[in-house]
Amino acid sequence: MKKKAVNKTVGLLVVMALLSTLLAACGGSDKAEKEPEKSGNKEISLRVATSFAGSDPWVPVWTKAIQQFQDENPGVKIVDESTPVNQEALRTKVKADAATGNLADVLFYFNGSETAILADSNSIVSWEEEFAKDPEWAKQFNAGIVDKVKYDGKLYALPYIGFYEGLFWNKALFEQHNLEAPSTYEAFMKAVDTFASTDIIPFATSLTTPYLQEALILSQVGPEGQQQAYDPSWAPALNIFKELNEKNAFPKDSLTLDDDKAQSLFASGKAAMMFNGSWTAAGLSQDPDIQISPFPLVPGGKGEGVIVSGFGSGWYMKNSKDQEKYDMALKFIKFMTSPDIAGEFAAIGGTYAVQTKASENTAQLLVDGNAMVSAAKDFVMPIDSYVSRESYTQFLNGIGYVSAGRKTAEEVLAEAKKLNDKIQ
Amino acid sequence: MIFRDKRYIVLFLAPTILLLFTFLLYPLIQSVYYSFTEWYNFSNTKTFIGLDNYKDLVNDPIVGIALKNTLILILGAVFLQAGGGLLLALLTDSIKRGFKFFRTVFFFPIVISGTAIGLMFSLIYNYDYGLLNAIVRALGWSEQVWLTENSAIYLVLVPILWQYVGFYFVIFLTGMSKIPEDIYESAVLDGITGWRKSVYITIPLLRDVIASCLTLATAGALKVFDVVYIVTKGGPLNSSELLSTYMYAKAFNGQNAGYASTIVIAMMVLGIVITVLLNRLVKKEAVSY
């Protein structure tokens, strides 16, 4: 009996040891969070998840800003969990974090339909109260933009870097071929025909990326029509893809090319035009021949003078129960949105919802991009900001099928609409 | 003996069972449940929808393409990967010099990550900057778009086969080293030579190893993801889509984890069916020397 009891005890101890090892491993992050506690002085660890990672042009400024904040605030450790937006890595991370109650303390993340997911988790701050406490800070934000990015009447994502999409074109190549600037559809198509007969690729794009379809649809149906997700009125815009493909406007491998390679075709002068976002402008701004203009109005189009532009991301803050952590996260966001730091971000590119300290080094292409935004009659957010991800990926995939003549535009729109209606 | 006490068996098995349950069985059971739900955006809201995802799966044309491609991959893995490994092992085993050199060279691709191999081959196939078109240009021929709807699945097969052929090569080589030398000596006395030695002695005596390799190659083909995702992302026009890449696209690009779980279950069922069939096909009495 005694032996049996000893065996039982030994067995129980071994199982408990195994379980505790397993549980300790699972609870690793909690321990890590508590680790910075130092005797006497409490060190605060802030988890920050943004899109400033990988090949993002703002990475150097972001890294420098984090270092500066840590230097100015000894005892604060910024845990940078920034993830590239490519392949939806950031979306997946943030959504998984939100679902498991493990959201970072500070986020620079998409707004629009994504705000709903974070707001539903009840773990993020709505900024009205903080704006009321610090009106001087609140004043730095453009009130019109702040109103536009509210969700359900509340401000969850503080607008910061805005983006625009435009038609980049290589002036030197246009001049070499005696072509007019592609400011009208006729001039654009003439340029396509002319370059297609040379060894210059007329238009650098991947048929798996969203930018050109954004431009064509907006130009075709205008801002109101663009809000009617996957409406059959979008079909003529998609058919232009087929027409352009048949005119050999795109790189020959545009169905498998990725956006980085399409950009490099344009940047290296192998392609004459490209439609892309302001985030690419910084890299292109070294070349004085690169120009930017709005996409021309397609025949019968309703989107004259309207561009895809807006504030697709913003600063979110977790509603931390730990007051010290809450205050430090707030301090960090105020630091990042200060005119000095915002000015450094602005020198890389984009339009800003906060006051920025003027930089003397802003490149001409970036100045021209901002001038294009100022001259625009209206702005719309991209289609993917208000439709379901699944429907949007189906829609993007369908553009290749339309271009190759394998599906009609109407079929592709109907397939995407069916998926979108499932969760609307 | 102390191990006659069954409690110790339970005790020593506990860590494995615990880990298997936590990291394999529990997620698997969860995936089965998720496959019957509508679950978007990795949110906490999941709605039970019965067999709807399975009905969508049956009617999804891309699943048909992915199944066909997965079967092409399995055939490629069985005949070219395992078969190629066997052929290389037979050739290497018969040489008198350079055995170690070839063993290292054939095994080397295994140690390179699939992502790196994928990136390398995506650069090889690239239209503007690719190696193949550079060679074609140097020869004065016209450049080609290599990754087309018809060719993509076969071209992504090349790096996958190249990467794993060395794995089977090493297994076969190890199997051959276990065959007693006196069998060959007796056969030589009976006048056997060259390829007959391989066909009538080596291959029959490797039957157990071949059976294991066939199962490994089939299971491995069902798990392929990285190389295909890097080289083609399942394109162009879904022509090189595999169940694994389609599942990834649905889960992470489309954020539809419910339907992605249904694809996972389909992959699992397919894997079990093929493995069982294969095991029955090659099941014979064990070879003993």
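This is a predicted model: local features need pLDDT of at least 70, side-chain atom pairs count only at pLDDT 80 or more; totals for chains, interfaces and linings use all residues.

Residues are numbered from 1 along each chain as its sequence is written, chains are lettered from A in the order in which they are written, and side-chain values use heavy atoms, without hydrogens or water.

**The sheet of chain A**
- Five strands (DSSP E runs of at least two residues; a pair needs at least two DSSP bridges) make an open, mixed sheet in the order β2-β1-β3-β10-β4 of chain A.
- β2 (76-80) and β4 (158-159) of chain A each have a single partner strand, so one side of each lacks a neighbour in the sheet.
- β1 (residues 44-49) of chain A pairs with β2(A) in the parallel sense over 5 bridges, and A:Ile44 stands opposite A:Val76.

**The two domains of chain A**
- The assignment (automatic or from a database) gives domain 1 (42-160 + 311-355) and domain 2 (165-308 + 382-422) of chain A.
- In chain A, 10 residues of domain 1 are in contact (heavy atoms within 4.5 Å) with 7 residues of domain 2.
- A:Arg91 and A:Asp384 form a salt bridge at 3.8 Å, N to O (the rule: a Lys or Arg side-chain nitrogen within 4 Å of an Asp or Glu carboxyl oxygen).

**Chain B**
- An unreviewed UniProt entry lists "transmembrane region" for residues including 7-29 and 205-231 of chain B; such annotations may be inferred rather than shown by experiment.
- Residues 7-29 of chain B are 100% helix (DSSP H or I runs of at least four residues), with end C-alpha atoms 28 Å apart.
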